[in-house]
Amino acid sequence: MARLTQLMLSEPLGARRSLVEAFALEILVIAMGVAGPYALKLLIDMLAGPSESRLYLFVTVMLFVGCWAGASILETARLSCTAKMVDALARHYTIRALAAALPEITAARDSRSGRVPGMLERLPYSLTLVVEGLIWRLGPVILQALASLVVIAGLIRPRYVLILALTLVGFLVATWLGARRHRVHAEATNAAASHVSRTIGDIVRNARRVVLNGALDRELLHTGAALGAKRHAAAGMYRSLTLMAALQFCVVGLGLVALLLLAALDVGQGRMSAGDFVLLQTYAFRLTVPLSSLGYILAQAGVAIANIRDVLTFSTVDAMETASKPHPTDRADLSVENVSFRYGEGMPGVAGISVHVPAGSFVAIVGPNGSGKSTLAQLLAGVLEHSSGRIAVGGIDIATIPWADRHRHILYAPQFIGLFNRSLRENILYPPANQAIGDVEELLHLWRFHEPGRPIDFEMELGEQGERLSGGQVQKLELARLAGVDVPVLILDESTSALDPRSEANAIAKLRGRAGEATTLIMITHRLATAQAADQVLFMEGGRLVGSGKHRELMDRHRSYRQLWLEERSAKLPDGQWPDQKRLS
Ligand SMILES: Nc1ncnc2c1ncn2[C@@H]1O[C@H](COP(=O)(O)OP(=O)(O)OP(=O)(O)O)[C@@H](O)[C@H]1O
């Protein structure tokens, strides 16, 4: 809450005006909350007294009703100021959290991609609850209590101030004790709510897999279990709240009993007027009404605070320093010295990799499934951080290049090409691609993106993950995009696996030929026939680089490489096509 308040007061957020307006409105509401009961006291005292004035009667009634109605109107007006502040806060945190979360998701390859949208979707609601429910409720309650105490001290006997003050302090202590317990339950409930968002998001994203495999019932059960866990966590939270409310209102109840009994005795003995008695009990109950709704707010706000805290942990990114931009025609060799990496304790990774890739060369990384090819490629591109050794591109240690700038030196195209649900034009010119749409069109025609004669509609929306394109078209789109990227080293992670050998050879020639053959092209492939054309083949097995050299050399030196080649040959279909080529046609 302290960080939120600090941010609301800061100049760059642009919410200061709304804050000042809201504060001014709140002061008026508090003033009316104190003045209204006072008008009632004056009215009652006049009625109990000897003289009566119609004008006085009218003015006090108008003041009492006016304060009550005015406070309600101003409180509603304040809601729009709160909405403006919440919008500004949500925009600030959403942008910062995304800026921090996207690189984290990329590097960690974990399930945060499902968690982050749920977390950010709940953020505006959480902020509204905290700003409206806590900042605007707790603060005014305390201010109103102080103002009431001052009025009571001026008009009535000081012992009532003492009783009310002690009651409030007791209430705050009970709240503090309960809130510590509540926080644990609120965090558990927030985690369970995140799990529900992630589970539902995951199932909806994989709708086809669920329905086509007849697994709908199973997934509904799975969702039910996640919802059940959330219900269980929420039940614990409500139990802790009930306990807290019992403690709080025992304290408040005792205070009110003492206050009202003493006041009744004072009225009976003529030490207090009926108006003062009404004033005292109105102030006391005006304070307890917002306090009693505080329990409900805390139930919601606890989860909201946990949600905001989650977002805040993401939002602490510093502005990234920008390194010098390599010139498009820069040549860069790649040197890897004894590099090791593990996904975690006892988990797979790669070990002791050393290799030198001269600038402008074509390298193929091959090896069986799970041998560590993608892991090595991501280490080379600095997507994953190696635990030991050194990787240098063009002589610069990759670890010293700011994360946001690594793609300018070495660009990694992942195995799973993610496309936006936007137009073909937007996807194909997606940064850092920098080329004329006419050049792309020419390339796509050459690569037979569509059957001959069919025009390319660049405004066509591609659907989620490019579902309106075939597997081969998705890869051709990505390769045509990469043909317009100025980068010294390009790594393709099986980006040509769905292409027929001719299209694949065309694409490799196009990418290699960029910038006067300056681009170093590294390609992960399962086709040893493609590797035959490479200047250097890196052969991976069990997370180790077991061989490197020309295809011919590896054939001579490595039995397992030869074995892989023979298996590929025997998998070739009788009509001379490769199995994946057959699938494509
Ligand atoms: N994020 C991750 N967390 C934990 N283990 C991982 C992670 N990513 C990959 N692995 C494991 O690391 C090993 C190497 O994976 P990698 O993707 O590098 O293999 P690959 O040679 O590229 O495989 P393929 O040919 O199937 O694409 C595998 O056992 C894989 O399960």
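**View 1. Pairing of strands β1 and β2 in the predicted model**. Strand β1, which covers residues 334–342, runs antiparallel to β2 and is joined to it by 6 bridges. Within this pairing, S335 lies opposite H356 of β2.

**View 2. The open sheet containing β1 and β2**. The sheet comprises 4 strands in the order β2-β1-β4-β5, and their pairing is antiparallel. The edges are formed by β2 (349–357) and β5 (396–397); each has a single partner strand, so one side of each is left without a neighbour in the sheet.

**View 3. Packing of helices α5 and α7**. Helix α5 spans residues 158–205 and helix α7 spans residues 216–268; their axes are 9 Å apart and meet at an angle of about 175°. Because of this angle, which is over 145 degrees, α5 counts as roughly antiparallel to α7. The contact of α5 with α7 involves 28 nonpolar, 15 polar and 3 charged residues.

**View 4. Two spans annotated as transmembrane region**. The unreviewed UniProt entry assigns the feature "transmembrane region" to residues 20–40, 55–74, 134–154, 160–179, 241–263 and 283–306. In the model, residues 55–74 are 100% helix and 0% strand, with 27 Å between the end C-alpha atoms. Residues 160–179 are likewise 100% helix and 0% strand, and here the end C-alpha atoms are separated by 28 Å.

**View 5. Surroundings of the ligand**. The ligand is surrounded by 12 residues, of which Y343, N369, K373, S374 and T375 are the closest. Classified by type, this shell consists of 7 polar, 3 nonpolar and 2 charged residues.

Notes. Residues are numbered from 1 along each chain as its sequence is written. This is a predicted model: local features need pLDDT of at least 70, side-chain atom pairs count only at pLDDT 80 or more; totals for chains, interfaces and linings use all residues. A residue is near a molecule or strand if its C-beta atom, placed from the backbone, lies within 6 Å of it. Ala, Val, Leu, Ile, Met, Phe, Trp, Tyr, Cys and Pro count as nonpolar, Asp, Glu, Lys and Arg as charged, and the others, Gly among them, as polar. Two strands pair if DSSP finds at least two bridges between them. Helices (H or I, at least four residues) and strands (E, at least two) are DSSP runs, numbered from the N terminus. Axes are lines fitted to C-alpha atoms, for helices over the stretch in contact, and angles run from 0 to 180 degrees between N-to-C directions. Angles under 35 degrees count as roughly parallel, over 145 as roughly antiparallel, 65 to 115 as roughly perpendicular and the rest as oblique. UniProt positions are given in the numbering used here, feature names are shortened, and annotations may be inferred rather than shown by experiment.
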